[in-house]
Each structure stands twice: as C-alpha cells, then as structure tokens.
Amino acid sequence: MTGASRPPKSRRSAAAAPSPEGLTLDLERYVPAFITFIANKLSNSATAFYQGNFGVNVTEWRIMSLLAIEPGISAARICRVIGFNKGPVSRTLSDMQSRGLITIRVDPNDARTHSISLTGKGRATHDKVIVAALERERKLMSCLSADEQEVLIDLLRRLHNNLGAVTGETT
C-alpha cells in the first residue's frame, strides 16, 4: 500500500495492520505500546541520571516523592499509587531505611500497618531531586504548547482513571 492510498493517520483508528502472516500491531497507533515505550525510556534515563547525581534510582525517587506528598503512608498505599508489587517495594523500602532516607514505624492506629516517612536526609535528597525531575519534565513537554500540555495531562488522567477497564481493579 502506498502512502497516497493509505488513510490519513488522524482518520485511522485501527492499531493493527494486516500482513501475510495475520494481524500485526501498528506501533505508530497502538497506545499501550506508546505508553510503555515512553515509560521505559523515561525510567531508564531517570535512573541513570538520578543515580549518578543523587544516589537514588527512579523507584526510590517515586517513593520519596510520594512520601513528601503523603508523610506516614503505608507500603500498601505506595504499591497502589505507584502500581508496583509488594516484594520490590518492600526491598526498596528496606534499602532506603538502611541508608537513612526513610523511617518505618508501626502505625499507632493499626499495629499490622507501618507508617513510612522521609528522614531529614531523605527530605534533603528529595529536595535536590525534585528540581532535576521538574526540569526533565519541562524539557520533555517543551514540544507542546501550554494548551496542548493541559490537554495531554487531562487525557492521561482519564486513561489512568479508566485502567480498571483492562485491569479489573478499581481505583
């Protein structure tokens, strides 16, 4: 099929293309692939940058940023918000505690739950990383106008809120 006979991209809705072997994904249109590819590339570059400059990886940074927003939250809450499994989060929290970045205490309201907070060292690290994180976001979004950025944020929020349609989980 030539470019002239192909419908304009804005009108095509199928994320699959026929091939002699059957259907294949059209990676120029398949939204889950775009989101995954962007997330993977952002995570890998963030880990390299944050580790090299601040001594934390991207998972630690995600946890630190959440703890700055919600001091005293539980590991279960971290898992729900970030979308990680309990095992990797528990290992990361243990490592962060041993490095003096967080404290983990038994929740006074529920002895089965632990309350996690940033230490002074953790907050100081957070305060350095956030400047770099916001600059990375600014650079990423610089190809979009202010209005386009707002539309993108709204669309991403709507997709996030609709994840239950494919995960079976409620938010």
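What is the relative accessible area of R123? In this predicted model, R123 has a relative accessible area of 37% and is therefore partly exposed. R123 forms a salt bridge with D127. Their closest N and O atoms lie 2.9 Å apart. Both residues belong to helix α5 (residues 120-141), four residues apart, so about one helical turn separates them. D127 is partly exposed, at 36%.

Helix α5 also holds E135 and R138, three residues apart, about one turn of the helix. These two form a salt bridge, with closest N and O atoms 2.6 Å apart. E135 is partly exposed, with a relative accessible area of 32%. R138 is partly exposed at 47%. The count of salt bridges comes to six.

Another salt bridge pairs E60 with R99, the closest N and O atoms being 2.6 Å apart. This pair links distant parts of the chain, 39 residues apart. E60 lies in helix α2, and R99 in the loop between α4 (86-98) and β3 (102-107). E60 has a relative accessibility of 4%, so it counts as buried. R99 is partly exposed, at 27%. E60, D95 and R99 are linked in a network of salt bridges.

Helix α2 (residues 58-69) also packs against helix α1 (residues 31-54). The angle is about 85°, and the axes are 8 Å apart. The two helices are therefore roughly perpendicular to each other. From α1, the contact involves S43, A46, T47 and Y50. From α2, it involves V58, W61 and R62. Four of the contact residues are nonpolar, two are polar and one is charged.

Methods
Residues are numbered from 1 along each chain as its sequence is written. This is a predicted model: local features need pLDDT of at least 70, side-chain atom pairs count only at pLDDT 80 or more; totals for chains, interfaces and linings use all residues. Side-chain values use heavy atoms; hydrogens and water are left out. Axes are lines fitted to C-alpha atoms, for helices over the stretch in contact, and angles run from 0 to 180 degrees between N-to-C directions. Angles under 35 degrees count as roughly parallel, over 145 as roughly antiparallel, 65 to 115 as roughly perpendicular and the rest as oblique. Contact means heavy atoms within 4.5 Å. Ala, Val, Leu, Ile, Met, Phe, Trp, Tyr, Cys and Pro count as nonpolar, Asp, Glu, Lys and Arg as charged, and the others, Gly among them, as polar. A salt bridge is a side-chain nitrogen of Lys or Arg within 4 Å of a carboxyl oxygen of Asp or Glu. Buried means under 20% relative accessible area, exposed over 50%, partly exposed in between (1.4 Å probe, protein chains only).
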